[in-house]
Amino acid sequence: MAKQPSTTSTSPATVLGTDDSFRLLVESVKDYAIVMLDPEGHVASWNAGAERIKGYRPDEIMGKHFSCFYPADAIQRGLPEQELRTAAKEGRFEDEGWRVRKDGKQFWANAIISALRDKDGTLRGFAKVTRDLTERKQAEERIQQQSREIMELSTPVMQVWQGVVVAPLIGSLDSQRTQQFMERLLNRIVETNSPLALVDIMGVPTIDTQTAQHLIETISAVRLLGAQVVLTGVRPAIAQTLVHLGIDLSDILTRSSLAAGLRVALDMLNLQVVAKNGKP
Amino acid sequence: MATENISVIKLRNFLLVTVPPDPDDQTVSALQEQVLEAMAQHECGGLVLDISTVETLDSFFARTIAETVQMVGLMGGRTVLAGMRASVAVTATQLGLTMGKALTALDVDRALDLLDSAPSGDGV
């Protein structure tokens, strides 16, 4: 077989020993990096996909050890060798992780390493198929970040008066959100040194036993700090549900509207809103 | 480190006790002893436990504090826990720790206001 420097790969005839059409197939695949490694892990073949994904030309990479695709910390942990050992022992190794391009940029790769053995079972090398999943990884991270942001946005805690913070709850309360809400509320209470917190549940669609339990937990945590909670925005539907479910909120101060809650709060702080002209 | 980090100060009609940042069981027990002795000595109307530096809290601490609140109540004083950190309050709630009948306040200043505003001696 004649070597053609213009093709994207040099045929690893010694390892693969297949016909030209099959070699052509593998070499032309652009979406997957299909690479042959010798038993020690040196690159023995290189296809168009590998060049596209990893950036090396065939003449630059042939014979080099495949650990150059890994970030420094993975090499330090001995990951490349470990992958080869696993593939040799179990026949196959699959992994997702960061890999390094020739230009030093990292990409998120799904890599499958399969051991290649001849009829006698002697290890002849490895086939390594790598896909570039950076876009999928970035999309996943974006979604995670967005859901974090939504969570942050949905539980604001604002100071409305010296000593009074308001936390309007919007949407349902699960345990993860309660945890976050509790932390934000408590931190704001300490930051603003507010002895009163109005928790408004007007925007909570329905209340079940669990949500109520979460609310009670939050309120007892606020009490430990030395502040008090007024639960506001108790709509008729919510009041009905609470009674039907037998949830006892009798030792919690509740009001139907935020305005009524604020009046209670100002009252407790010994403050009064007076008209400018002094008339009631 | 048990006892030397606890300061019990008599302030007007009250006792002001600062709890060290990371109290172990011994410290907490010593704290109870010292508080009760000081109560007996000064006949104070109230006790403020400043826990603003406390970063961790366990069930022993919570139980001892709840007991101390009751004991001080029997001796005619009321107890205010002042300045619990937000993170500590979250943990305590999750662990289901309660501080018995202790009153709470955001800081020592407000705790003294609280003790001043209501007459003492009506138990806890």
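With 11 C-beta neighbours inside 10 Å, E43(B) counts as exposed; a residue is buried if 20 or more other C-beta atoms lie within 10 Å of its own, exposed if 12 or fewer, and partly exposed in between, with C-beta atoms placed from the backbone. E43(B) sits in the loop between helix 1 (25-42) and strand 3 (46-50) of chain B. Its phi is positive, about 50°, although E43(B) is not a glycine. R12(B) also has a positive phi of about 50° without being a glycine. You will find R12(B) in the loop between strand 1 (7-11) and strand 2 (14-18) of chain B. R12(B) is exposed, because 12 other C-beta atoms lie within 10 Å.

A word on what you are looking at: this is a predicted model, in which local features need pLDDT of at least 70 and side-chain atom pairs count only at pLDDT 80 or more, while totals for chains, interfaces and linings use all residues. Residues are numbered from 1 along each chain as its sequence is written, and chains are lettered from A and ligands numbered from 1 in the order in which they are written. The model scores ipTM 0.75 and pTM 0.61. Chain B averages a pLDDT of 85, and 91% of its residues score at least 70; pLDDT is the predictor's confidence in each residue, from 0 to 100. Please be careful with residues 120-124 of chain B, where pLDDT stays under 50. For that stretch the model has 13 contacts beyond four places in sequence, two residues being in contact if their C-beta atoms, placed from the backbone, lie within 7 Å.

Now for the layout of chain B. It has four helices and five strands; here helices (H or I, at least four residues) and strands (E, at least two) are DSSP runs, numbered from the N terminus. Along the sequence they follow the pattern β-β-α-β-α-β-α-β-α. Buried residues make up 41% of the 124 residues in chain B. Of the contacts in chain B with a separation of 6 or more, 81% are between residues 24 or more positions apart.

The strands of chain B form an open sheet of five, in the order 1-2-3-4-5 and with mixed pairing. Strands of a sheet pair through backbone hydrogen bonds, either parallel or antiparallel. In this model, two strands pair if DSSP finds at least two bridges between them. Strand 1 and strand 5 (103-105) of chain B are the edge strands, each pairing on one side only, and the twist averages 25° from one strand to the next. Inside this sheet, strand 3 and strand 4 (residues 78-82) of chain B run parallel and are joined by five bridges. D50(B), for instance, has A82(B) in strand 4 of chain B as its bridge partner.

How do the helices pack? Two packed helices are described by the angle between their axes and the distance between the axes. For helix 1 and helix 2 (residues 59-74) of chain B, the angle is about 10° and the axes are 10 Å apart. Axes are lines fitted to C-alpha atoms, for helices over the stretch in contact, and angles run from 0 to 180 degrees between N-to-C directions. The two helices of chain B are therefore roughly parallel to each other, as angles under 35 degrees count as roughly parallel, over 145 as roughly antiparallel, 65 to 115 as roughly perpendicular and the rest as oblique. Among the residues making the contact are V28(B), L36(B) and M39(B) of helix 1 and F60(B), F61(B) and M71(B) of helix 2 of chain B. By class, this contact has eight nonpolar, four polar and one charged residues; Ala, Val, Leu, Ile, Met, Phe, Trp, Tyr, Cys and Pro count as nonpolar, Asp, Glu, Lys and Arg as charged, and the others, Gly among them, as polar.

Let's move to chain A, which has an open sheet of five strands with antiparallel pairing, in the order 2-1-5-4-3. Its edge strands are strand 2 (43-45) and strand 3 (92-100) of chain A, and the twist averages 35° from one strand to the next. Strand 3 and strand 4 (residues 106-117) of chain A pair over nine bridges in the antiparallel sense, and G97(A) stands opposite A109(A) in strand 4. A109(A) is also touched by R131(A), along with Y32(A) and N110(A), not counting residues up to four places away in sequence. R131(A) belongs to strand 5 (residues 123-132) of chain A and is partly exposed, with 18 other C-beta atoms within 10 Å.

Finally, the two chains meet in a contact that takes 15 residues from chain A and 13 residues from chain B. On the side of chain A, helix 7 (175-192) and helix 8 (209-225) are the elements that give two or more residues, and helix 8 of chain A gives the most, with six residues.
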